Amino acid sequence: MATTHVQDRPDDTPPVPRWRYVAAVIAALLLVGGGTLFFLRPEPTDCAEGVKKFEAAGGTRCVGLTDGSFAFTEDLREVSRSIEKENRWVAREAAEPDGTPYVSVVYLVGMDPGRGDSNTPESVRHELEGAYTAQYEVNHRRGHGHTPRIRLLLGDTGDEKAHRDYTLGQVKARRDTDRIVAAAGLGTSLKDTKAMISELSRLDIAAFGSVITSDELEKSDGLVRVAAPNADEAAAAVQFLDSKKYRRSKVLIVQDANKDDLYTKTLAARFGAELPKDRLVAPEPMQFDSSKSQLATYFSNQMANLCLGHPGIVYFAGRGRDLPDFLAPLANRQCKADQITVLSGDDVSQAAQSAGFNDVKQALQNGNIKLLFTGLAHPGAWAKAPQYFVKNAIVPFQAGGTFTTTFKDDSLDDGQAIMGYDAVLTAVTTIRKAVPLENSHQEIKRDAVLQMLTTLNGTNAIPGASGWISLQNNGSPKNKAIPIIEIASNGETRTVGVTSSGTGDGGPYTPE
């Protein structure tokens with residue numbers, strides 16, 4: 001039988017040319033190299049345009065400047081979208097033939113407060129909601145003027161110097177392109193706040209504080225604020241304690257000695273200076289330091305001394321976040337048969353949003369304690385003392401108003417939205433006094449806004465939602481309306497009176 005020889009068959013798979021092997025090897029090397037380059041490529045440091053990623057405990061944090069297109073936290077997403085939408089409308093309108101010009105106001109605050117901060121995430125959200133409400137009102141309601149329109153930028157100052165420096169660097173870099181002429185908000189009364197205000201002044205950017213109250217910030221170049229300073233809060237508290245109900249009560253001052261907190265430092269000093277010395281149960285305050293640990297233990301150890309003085313009033317010159325550590329031991333004091341009224345400053349509004357608020361309510365329920373504070377704003381003040389407020393000024397916060405229709409589920413009780421609104425409203429009023437011409441090619445000068453800061457008084461006083469704002473040369477409002485607010489044992493708040501630092505009946509400022 002014939003045998004077929006394999007080697008004699010024709011080759012139907014001709015050999016691959018050498019050049020293809022070479023090409024394949026090169027392609028493989030490029031692929032591996034590209035993958036290596038991909039894995040070695042540094043992680044992006046930008047969260048968005050103008051927003052940088054910083055390392056933080058337990059992860060990363062995004063800090064910088066945005067037009068609302070980036071939300072610093074999930075909690076701020078809704079208000080950021082509202083601001084972005086309004087900003088886009090303003091820009092479109094300005095781009096039209098003979099369009100209305102705009103300038104930008106930067107709202108500066110730590111957008112993501114942590115456990116040890118004096119702000120809470122909820123209070124920050126409320127401030128921004130108030131700021132947006134003011135932006136919408138001044139852009140769409142002619143009662144506030146017409147030009148220029150306002151873009152609102154959001155600047156996260158973080159909680160470290162590097163964060164603040166980066167954000168302020170963005171503000172500096174974008175001063176001209178974004179037409180930034182003012183900053184509002186500015187956080188709380190800390191040393192970092194003072195440094196930020198100084199930098200804004202160096203950049204010729206007027207600063208409009210919303211809730212900063214420290215007396216040490218008075219006469220800061222380029223700063224005005226819509227909140228009553230600590231001196232006025234202390235004077236209002238003393239006036240309230242001079243009422244018939246509390247006139248005979250002895251007072252113990254409990255003071256935070258944290259050297260970095262300008263709010264607590266000046267609050268205690270001013271209250272002590274205003275109160276007649278014969279009303280004090282001790283020549284020196286009961287002093288603690290919130291920058292150190294074991295606060296509750298410290299206060300527990302001091303309760304016997306507190307009872308020894310038999311105070312009817314305790315003036316708590318501390319932050320709201322530290323109030324649970326004080327009230328819980330106070331509720332277990334040996335002299336619980338005697339009712340004690342704890343009176344404090346505006347930062348107590350933050351206590352309702354703190355992790356320890358249940359301890360506060362429990363202390364009020366079981367400790368024979370009454371809790372009052374001098375607030376910056378409260379919706380109950382409008383009904384309690386309507387003579388000190390202009391009806392049109394509170395319309396955005398009434399039924400059907402911009403705030404209530406846009407942020408239906410949020411509360412005004414902490415006063416933050418009202419103060420954020422008034423800060424932006426005051427900034428816009430100043431801006432429109434500085435640039436009255438309706439001209440899309442008009443040069444908008446930042447120093448002209450600074451020039452107008454001392455005009456906002458008398459007939460130029462601003463009817464704010466928190467009361468009349470008549471600014472003095474030191475940047476503080478004159479005899480600002482100060483509501484006395486009670487926190488009930490169920491956590492609800494109510495205004496029990498409206499006073500001010502004024503002499504006589506303590507009536508808040510109203511134009512003559």
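The model is predicted. Seven strands make up the open sheet, in the order β10-β9-β11-β12-β13-β16-β17, and their pairing is mixed. Strand β16, which covers residues 482–487, is largely enclosed by the rest of the structure, because six of its six residues are buried.

**The sheet as a whole**

- Strands of a sheet pair through backbone hydrogen bonds, and they may do so in a parallel or an antiparallel sense.
- The open sheet has a mixed pairing, and its edge strands are β10 (286–288) and β17, each of which pairs on one side only.
- On average, neighbouring strands of this sheet are turned by 20° against each other, when direction is ignored.
- Helix α8 (residues 295–309) packs on the sheet, where it touches β9, β10, β11 and β12 (340–344), and the direction of this helix makes about 170° with that of β10.

**The parallel pair β9 and β11**

- Strand β9 (residues 251–256) pairs with strand β11 (residues 313–317) in the parallel sense, and five bridges link the two.
- Within this pair, Val251 has Ile313 of β11 as its bridge partner.

- Strand β13 (residues 369–374) pairs with β16 in the antiparallel sense over four bridges, and the bridge partner of Leu371 in β16 is Ile487.
- Strand β17 (residues 493–499) also runs antiparallel to β16, to which it is joined by six bridges, and the bridge partner of Ile487 in β17 is Thr493.
- Together β16 and β17 form a hairpin with five residues between them, and in the turn Gly491 has a positive phi of about 95°.

**Gln170 in helix α4**

- Gln170 lies in helix α4, which spans residues 161–173.
- Is Gln170 buried or exposed? Gln170 counts as buried because its relative accessibility is 17%, and buried means a value under 20%.
- When neighbours within four places in sequence are left aside, Gln170 is in contact with Gly50 and Leu65.

Note on methods: Residues numbered from 1 in each chain as written. Predicted model: local features only at pLDDT ≥ 70, side-chain atom pairs only at ≥ 80, totals over all residues. Heavy atoms only, no water. Buried < 20%, exposed > 50% of the residue type's maximum accessible area, 1.4 Å probe, protein only. Contact = heavy atoms within 4.5 Å. Pairing = 2+ DSSP bridges. Axes fitted to C-alpha atoms, helices over the stretch in contact; angles between N-to-C directions.
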